[in-house]
Number of protein chains: 4
Amino acid sequence: MLSPMTENDRYAPTPEDQFSFGLWTVGNPGRDPFGEAVRPQLEPAEIVCKLAQCGAWGVNLHDNDLVPFGSSAAERGRIVAAFKKSLRDAGMVVPMATTNLFSHPVFKDGAYTSNDPKVRAFALRKTMEGIDLGVELGARTYVFWGGREGSEADACRDPRTAISHMRDAIDFLCAYVKDQGYDIRFALEAKPNEPRGDIYLPTTGHMLHFISTLQHEEMVGVNPEVAHETMAGLSFVHGVAQAMEARKLFHIDLNAQRIGRYDQDLRFGSEDLKQAFLLVRLLEGTSGGQRYGGPRHFDAHAYRTEDQAGVWEFARGCMRTYKILVERALSFDSDPEVRDLVAEHNDAEIDPALTGYSREKADRLRALDLDADALGRRGCGYERLDQLMIEHMLGVRPA
Amino acid sequence: MLSPMTENDRYAPTPEDQFSFGLWTVGNPGRDPFGEAVRPQLEPAEIVCKLAQCGAWGVNLHDNDLVPFGSSAAERGRIVAAFKKSLRDAGMVVPMATTNLFSHPVFKDGAYTSNDPKVRAFALRKTMEGIDLGVELGARTYVFWGGREGSEADACRDPRTAISHMRDAIDFLCAYVKDQGYDIRFALEAKPNEPRGDIYLPTTGHMLHFISTLQHEEMVGVNPEVAHETMAGLSFVHGVAQAMEARKLFHIDLNAQRIGRYDQDLRFGSEDLKQAFLLVRLLEGTSGGQRYGGPRHFDAHAYRTEDQAGVWEFARGCMRTYKILVERALSFDSDPEVRDLVAEHNDAEIDPALTGYSREKADRLRALDLDADALGRRGCGYERLDQLMIEHMLGVRPA
Amino acid sequence: MLSPMTENDRYAPTPEDQFSFGLWTVGNPGRDPFGEAVRPQLEPAEIVCKLAQCGAWGVNLHDNDLVPFGSSAAERGRIVAAFKKSLRDAGMVVPMATTNLFSHPVFKDGAYTSNDPKVRAFALRKTMEGIDLGVELGARTYVFWGGREGSEADACRDPRTAISHMRDAIDFLCAYVKDQGYDIRFALEAKPNEPRGDIYLPTTGHMLHFISTLQHEEMVGVNPEVAHETMAGLSFVHGVAQAMEARKLFHIDLNAQRIGRYDQDLRFGSEDLKQAFLLVRLLEGTSGGQRYGGPRHFDAHAYRTEDQAGVWEFARGCMRTYKILVERALSFDSDPEVRDLVAEHNDAEIDPALTGYSREKADRLRALDLDADALGRRGCGYERLDQLMIEHMLGVRPA
Amino acid sequence: MLSPMTENDRYAPTPEDQFSFGLWTVGNPGRDPFGEAVRPQLEPAEIVCKLAQCGAWGVNLHDNDLVPFGSSAAERGRIVAAFKKSLRDAGMVVPMATTNLFSHPVFKDGAYTSNDPKVRAFALRKTMEGIDLGVELGARTYVFWGGREGSEADACRDPRTAISHMRDAIDFLCAYVKDQGYDIRFALEAKPNEPRGDIYLPTTGHMLHFISTLQHEEMVGVNPEVAHETMAGLSFVHGVAQAMEARKLFHIDLNAQRIGRYDQDLRFGSEDLKQAFLLVRLLEGTSGGQRYGGPRHFDAHAYRTEDQAGVWEFARGCMRTYKILVERALSFDSDPEVRDLVAEHNDAEIDPALTGYSREKADRLRALDLDADALGRRGCGYERLDQLMIEHMLGVRPA
């Protein structure tokens, strides 16, 4: 039985929210490095049905979440047809798909970056098939998470060769998509480590740079994940903002994580509420910048302590906390005191001299009368600003 | 008195090694957040003289390491002339210079990314003057470390605005250099945090991407620092390799650091010898890739427990460990067993199909007979490879 | 001018809250490793007056926060008399005092653990004088933070010797207090690193064990600090709980910190609201356990971006967030659904067999009919529980 | 085929080295959170035989490594008899045994600290049986690793209750051992997190304190693991030293780990060679302190990239690097320059005044003529000391 908590309230999810979950998230049976599965494996059709009941809009998948590794074409056909029917019945879409390039032992030393050309070939081929599947299901985004593209014994491969192999693969697959006339974009997902000691292109920043070196960079963006940047203690919000500023935020993986730990994939908002608030604020554009228009994908799973009922509580909690934080972001950014504190300091004389170099502007800068000591004495008011943010988050300030 | 350790031996530094130190490194008086200076401030001329005696080739500086903040033009002139003389006397060069945009309170909320256009103007102007100074001293690389370009109260500024302001500043300064006809390149240095809660463009990866968005990206590269990437637990070697692969490694800051701590700037090689070994191997190209041709700059300082004699031990230790590791990298990469273990697996049939998509290549991949299970059973031999590396490092394997 | 935010509201601090600040916290001038002070040094009397206006109850100090290093007895006398008067005028108390054993170069390689007996002697003597000062000011707790008791070059000293020296010092000082007839207890404060590479007895756990080896362990407890345990990514709440369970929580340092970073000492509640909530809940005993009866000390300081007004905003924010979280903890722990979810599972048959071994109890356990698979299938309901906690924190659930 | 690297050389393992491995370490099939097993499951008898060939002395086990969960008494009997035979045949011993309290779903929310008394009863009973098994196999140490004794949703349980439940369990089991007349000691193993968000008693320090609160503390010590303390960025050497100083180092788990990551369990010495060196030096007592006399247990496993041959390379590498480091520790600690640098500064006048308080000693300290500034100016020589250590490690200094 689902909790009555979300009924008839302003935090209930709607299709406009574009909330999506992966088959592998709510379907996660709770196996971990030290223990066996605690929940039975759910059928994709059942997941779709339940997610729809919870208020989700979309469901995402790895190829092998739906079609088992090594299935025949006939099996694949039956499975896909049945899955499409369950999507239609539930009114759900598949906004994103991806390839499992990490579970089978063949990928134990990487897929696109393996030293073995046979493995690289196998990985490319599997991805082409995965793209076909994604397109068939209507996905508009294809995610690449190279979980095994890394090393523990770093002498095994020149990391420059790894990057070069990775580029060859993505260039190849972009051309494949264009050749097929598919309407799908790529979103690359970085992770610093786990399951490999170090994974190549470990952050959204490294990935953005890599994209800038691709043949078809216009069709490739990033899929940042809260947990992955947070593992390395980086500001997730800054990384996402850099992607947005470059118009490269094609998809996003929402969850929660504590810094410096194994990949936790916790319920969205259940750790570091401040970063979660700042992220929602950034994505929703409540402070004035461009809004993110894509899916809000929850790449998380329920605690291993939970039975199936706990899994659906988890799913509803992700969406609910997101919506509570949207409300609070709006309240914060419309607070007059906040607006005062974050107002841009415009200076009609100086501003134009700071962009677009000319010798004249350089001279103008040199001639300015600037009192560094006086400027250094001015307080920024950020303790007040941050405290106001905490109080809006906590619901203490009236909206 | 200097230690006799390095006399007449194969690890003694030579000018060809291009070892450099900053005035602020060996000149560091040992102040920290919890305690006062423990060593007297040395004069630049004395530092130059002592560094030359230790075997260093170059000395780097922030503008205010040499010319105090707020000096008059006349004072500046006298100081610079005297410094040039001490360089000539010692046979030292200034390969790199940079701007101090972090010590004075005016920069307390950033320099190029400050909300206050007056501060941004002041920072730009100070940098132009710093570049003039660097060029006058013969520097070929100008480093940008935006230590205060960040936030603790993240609502204070849209991070996209910060990146945009940063871009304006670097574009402006590139144009300034071109307009002046200077022969100097920029090297941007990333750091994840400290002294700010989060610093924008926190890793070499983020910085490389930022560079790809600049007007004059060809004159801008990176200056990765061991300590800065290591603070976030990222593989320094992978980050440097990504920069090298993109021909963007313009400068490098060598030191040592433990993961997840305050910025330690320890003696090169004194922590994480394996990463240090892998780094030296990468920079020196002993495994076959392109060699890094620029300065080997030690951006480190002696423990606060040391007196002045300890500082020179520290400096000699940095260079000596680097050279020991060069020797070991050569020995490792010429070991036949190692060469066997890391040999590229070439496959005349498959390799050409993996790059440069064509419909025919896609078909060829689809037609390949690949046995995933058999491929997955093959061992990689990496435990052996890594153990060999440890033993070469430890000097157990004969060269 | 102080913010009107806290007037006439239920979150306004009262003396019963026992909120205290250190002279060094609100008096922090904003110097950091990369920059100079941004705020003038305040006089102790002014700090006392302002803290009282903000609603604080107590003020704490290091010896040298009040009496400069090397002051004569006469100077000391004048300073202390004046300070006592300002305390009386403001109605403030000094609940805790401590010794500065880290700023002067004499302590650069430790105080009680220095290799040099002269330094150890100096440190002991300085502490005796500090205790005298603390007692004179009415302090009931004397804190020991051994910030320099550590190493970077770990070969410098056997860590067992360091622990032994530390024990000698604390045993000596306990005996001194007893001999003087002072009514003061010791609270030891752990920190994993910074300013040393590694500090001995790095966590509250290590410190609790160390205390169990002391001659007068009954008069020694711990002073855990949020930032210090959090730097190492440990659960602060679990550490504090272990101390409370052992009746060793003698004092507490409240602030905020992100994992794996330099010591940030941020405004209480400004990072990791969930841990802050759980901590307040633990200290206040809202879930039923024993309540902590000592001072709520804020060992934090304002951002370096702030002027003096920002410092007082910071101080008020610490107290205000604490009180908001008290309210939310009460609301959470009185929610019937929460009480159901966390109810102890009592079992009249089994419970008595689990404590106090006897052969008969062992046999009883062996004879129990326990279905492991069935037990493993039961869900714990923790996703629901945690989501309820988030919602109580955010003020979404009615009290 | 085993590598010829270790034949006939001074680093070949001998029984005197007391090197041991767990069945679960060399028997690890390479499953991880993102992928399936890559190696077949080996039979215990085969592991014993191979370990003996590699030069190991002992083999350790969890109950279910040998006897599958749920086996009948008859099956158990057959398995144990066969295993004893393989031990005799191979000349191997079982120095340590432990209980698997983490794999089965029944333990998903903890074993001794579960909220459910049935689960606690099941865990106690399973441990009694595990102790019986260990004693039958000749084990002298019984390890407790409470991998699931923790939480993600921390409101689920008062951490004080968890500690109290844990104490009840260990007290019960100590009494059981005494009642049975077994000659076996307990060694408690801490870990900060993974597979739980936070594990109770997260470090060796917390565990040492917990032990001090037990009824039979004399029979309980610690089993520190390199990876576990290193995950939290703590100095493993300091933690082990604290245990040794308290005569509580009953067992040790050797492996390697990078800070702030998932539990890696890497080959001993393959990461952080400096800590590995300092650890070997501490355990072997080369610098003069007490030597550790127990097993050198490698709780590590081969990379997932390896086949079975790689597993045995891994095992030999662990032992070999240990022995190389013993050699280097001896060389370092017998270097006259090193001995000079680390010599205790004895002071016949001051030393006696620093221990064992008396009023007279306090007065003597007060009367000492100590020049803090002069003491602060003296350099410690630690850069030289640490560099010498690096050079001994690297084999550059003659022995």
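Residues are numbered from 1 along each chain as its sequence is written, and chains are lettered from A and ligands numbered from 1 in the order in which they are written. In this predicted model, local features need pLDDT of at least 70 and side-chain atom pairs count only at pLDDT 80 or more, while totals for chains, interfaces and linings use all residues; side-chain values use heavy atoms, with hydrogens and water left out.

**View 1. Extent of the interface between chain D and chain C.** Contact, defined as heavy atoms within 4.5 Å, joins 105 residues of chain D to 104 residues of chain C. The buried area (the accessible area, with a 1.4 Å probe, that two parts lose on being put together, summed over both) is about 8500 Å² here, and carbon and sulfur atoms give 61% of it. On the side of chain D, the residues that lose the most area to chain C are D:Arg160, D:His238 and D:Tyr357, which together account for 10% of what that side buries.

View 2. D:Asp179 pairs with C:Arg359 in a salt bridge whose closest N and O atoms are 2.6 Å apart. Polar contacts (a pair of N or O atoms within 3.5 Å; within protein, one must be able to donate a hydrogen and the other to accept it, and residues adjacent in sequence count only if both atoms are side-chain atoms) link 38 residue pairs between chain D and chain C, both residues being at pLDDT 80 or more. Helix α6 (residues 159–180) of chain D gives the most to the side that touches chain C, with 13 residues; helices (H or I, at least four residues) are DSSP runs numbered from the N terminus. That side of chain D comprises 49 nonpolar, 26 polar and 30 charged residues. In this classification Ala, Val, Leu, Ile, Met, Phe, Trp, Tyr, Cys and Pro count as nonpolar, Asp, Glu, Lys and Arg as charged, and the others, Gly among them, as polar.

**View 3. The interface between chain D and chain A.** Here 32 residues of chain D are in contact with 32 residues of chain A. The area buried between these chains is about 3200 Å², with 51% from carbon and sulfur atoms. Six salt bridges cross the interface, including one between D:Glu36 and A:Arg31, with the closest N and O atoms 3.4 Å apart. The side of chain D that touches chain A has 11 nonpolar, seven polar and 14 charged residues.

**View 4. The two assigned domains of chain A.** Domain 1 spans 15–331 and domain 2 spans 336–393, with bounds from an automatic or database domain assignment. Their C-alpha centres lie 39 Å apart. Six residues of domain 1 are in contact with four residues of domain 2, and about 600 Å² is buried between the domains. A:Lys274, A:Phe277 and A:Arg328 lose the most area on the domain 1 side, together 66% of what that side buries. One salt bridge is counted between the domains. A:Lys274 and A:Asp386 meet in a salt bridge at 2.9 Å, N to O.

Technical notes
Salt bridge = Lys/Arg side-chain N within 4 Å of Asp/Glu carboxyl O. Helix = DSSP H or I, 4+ residues; strand = E, 2+ residues; numbered from the N terminus.
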